[in-house]
Amino acid sequence: MLPSRLRWHFIGHLQKNKIRHALPLFELFHGIDSLALFQDMERIAAEEGLQPRLLLEVNLAGEASKHGFGPEILRRDLEAVLS
């Protein structure tokens, strides 16, 4: 049996259609990779009365096979994320 004080983190790419299922299960989400995903998570969390912690994923290398905000996109979207 696992102790009740465990805090679960979601690491990896989260599909938008899985947000509502994942939000109540995890305290911290690693890898929020787009403004749209961030906004959907914020909206659904508010509907569910949840306040998850989120970490943004940044694709510094610009690899097409990787997820994450590109540096220029992050600069453009950061104000929206912070508000």
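Colleague: What are the ground rules here?
Modeller: This is a predicted model, where local features need pLDDT of at least 70, side-chain atom pairs count only at pLDDT 80 or more, and totals for chains, interfaces and linings use all residues. Residues are numbered from 1 along each chain as its sequence is written, and side-chain values use heavy atoms, with hydrogens and water left out.

Colleague: Start with the sheet. What is the strand order?
Modeller: The order is S1-S2-S3, in an open sheet of 3 strands with parallel pairing. Strands (E, at least two residues) and helices (H or I, at least four) are DSSP runs, numbered from the N terminus. Two strands pair if DSSP finds at least two bridges between them.

Colleague: Which strands stand at the edges?
Modeller: S1 (9-11) and S3 (53-56). Each has a single partner strand, so one side of each is left without a neighbour in the sheet.

Colleague: How are neighbouring strands turned against each other?
Modeller: By 20° on average, direction ignored. Axes are lines fitted to C-alpha atoms, for helices over the stretch in contact, and angles run from 0 to 180 degrees between N-to-C directions.

Colleague: How many bridges join S1 to S2?
Modeller: 3 bridges, with S2 covering residues 28-32. Phe10 stands opposite Phe29 in S2.

Colleague: Where does H2 lie?
Modeller: Helix H2 (residues 35-48) lies across S2 and S3. H2 runs at about 155° to S2.

Colleague: Now Asp33. Where is its place?
Modeller: In the loop between S2 and H2.

Colleague: Is that residue buried or exposed, and what about charge?
Modeller: Asp33 is buried, yet it has no salt bridge. Buried means under 20% relative accessible area, exposed over 50%, partly exposed in between (1.4 Å probe, protein chains only). A salt bridge needs a side-chain nitrogen of Lys or Arg within 4 Å of a carboxyl oxygen of Asp or Glu. The nearest side chain of opposite charge is Lys16, 8.2 Å away. Lys and Arg count as positive, Asp and Glu as negative; His and the chain ends are not counted.

Colleague: What does Asp33 touch, then?
Modeller: Leaving aside neighbours within four places in sequence, Asp33 is in contact (heavy atoms within 4.5 Å) with His13, Glu57, His67, Gly68 and Phe69. The side chains of Asp33 and His67 are joined by a polar contact of 3.5 Å. That term means a pair of N or O atoms within 3.5 Å; within protein, one must be able to donate a hydrogen and the other to accept it, and residues adjacent in sequence count only if both atoms are side-chain atoms.

Colleague: Switching topic. How many salt bridges are there?
Modeller: The count comes to 8.

Colleague: Which residue does Arg20 pair with?
Modeller: One partner is Glu47, with the closest N and O atoms 2.9 Å apart. Arg20 lies in helix H1 (residues 19-22) and Glu47 in helix H2, so this pair ties together parts 27 residues apart in sequence. Arg20 also meets Glu48 in a salt bridge, at 2.8 Å, N to O. Glu48 lies in H2 too, so that pair ties together parts 28 residues apart in sequence.

Colleague: How exposed are they?
Modeller: Arg20 is partly exposed at 39%. Glu47 is partly exposed at 47%, and Glu48 is partly exposed at 43%.

Colleague: What else is in that network?
Modeller: Asp40 and Arg43 are linked with Arg20, Glu47 and Glu48 in a network of salt bridges. Asp40 and Arg43 meet at 3.8 Å, N to O.
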